[in-house]
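Let's take a walk through this protein, from its overall layout down to single residues. Have the sequence and the 3D view open as you read.

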Amino acid sequence: MGYVPKRGCFGSTKKRTIVGGWAWAWCFVTDVQRISLEVMTLNPMCEYVETAQGVPLTVTGVAQCKIMNEDELLTTACEQFLGKSVKEIKMTILQTLEGHLRAILG
């Protein structure tokens, strides 16, 4: 499953998204990119984060993330993540989750 934005031939800038299906792509004139829509399991961890009272905490968690295929959300995800590997996407989301977790603990 994936997202496929397409640029048509002869200078068209129209983009199309196709979730799970197939489409024709012309070699050398169509830009086809894909993004995984599978569930990603992440393990955010914060070590020795001090609370407002100065108590050091170590917290681990589990988060399952998925790129939703609703048009607006899929478009936003593609703007941020197209061209990145699944590993890079996971690392970006993990760093964001760990930052929020540190803020909650503080």
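## The overall layout

The protein's secondary structure amounts to two helices and four strands. Here, helices (H or I, at least four residues) and strands (E, at least two) are DSSP runs, numbered from the N terminus. Starting at that end, the order of elements is β-β-β-β-α-α.

A quick word on ground rules: this is a predicted model, where local features need pLDDT of at least 70, side-chain atom pairs count only at pLDDT 80 or more, and totals for chains, interfaces and linings use all residues. Residues are numbered from 1 along each chain as its sequence is written, and side-chain values use heavy atoms, with hydrogens and water left out.

## Inside and outside

How much of the protein is buried? Of its 106 residues, 26% count as buried. Buried means under 20% relative accessible area, exposed means over 50%, and partly exposed is in between (1.4 Å probe, protein chains only). The protein exposes about 7,900 Å², and carbon and sulfur atoms supply 55% of that. Accessible areas come from the Shrake-Rupley method with a 1.4 Å probe; for residues, only the protein chains shown count as cover.

Now for contacts, meaning heavy atoms within 4.5 Å. Take the contacts with a separation of 6 or more: 55% of them are between residues 24 or more positions apart.

## The nonpolar core

A nonpolar core is a set of buried Ala, Val, Leu, Ile, Met, Phe, Trp, Tyr and Cys residues joined through side-chain atoms within 4.5 Å. The largest one here has 13 residues, and Ile35, Ile67, Phe81, Ile89 and Ile93 touch the most other members. At least two core residues come from each of β1 (40-42), α1 (71-81) and α2 (86-105). The top contributor is α1, with four residues.

Look at Phe81 for a moment. Setting aside neighbours within four places in sequence, Phe81 is in contact with Ile35, Ile67, Ile89, Thr92 and Ile93.

Which residues of α1 are buried? They are Leu74, Ala77, Cys78 and Phe81. These four sit on the same side of α1, because they cover an arc of only 100 degrees around the axis. (The arc is that of the directions from the helix axis to the C-beta atoms.) The buried residues of α1 pack against α2, while the face turned away from the buried side carries the exposed residues Glu72 and Glu79. Just after α1 comes Gly83, with a positive phi of about 95 degrees.

## The hairpin

Strands β2 (residues 45-50) and β3 (residues 56-60) run antiparallel and are joined by four bridges. Two strands pair if DSSP finds at least two bridges between them. Val49 has Leu57 as its bridge partner in β3.

Five residues lie between the strands of this hairpin, and Gly54 has a positive phi near 85 degrees. Gln53 is in the loop between β2 and β3 and is exposed, because its relative accessible area is 69%. Over in β2 you'll find Tyr48, a residue other than glycine with a positive phi, near 55 degrees. Tyr48 is exposed too, with a relative accessible area of 66%.

## What about the cysteines?

A disulfide is a covalent bond between the sulfur atoms of two cysteines. The cut-off used here is a pair of cysteine sulfur atoms within 2.5 Å, and the structure holds zero disulfides. Cys46 counts as buried because its relative accessibility is 2%, and Cys78 counts as buried at 6%.
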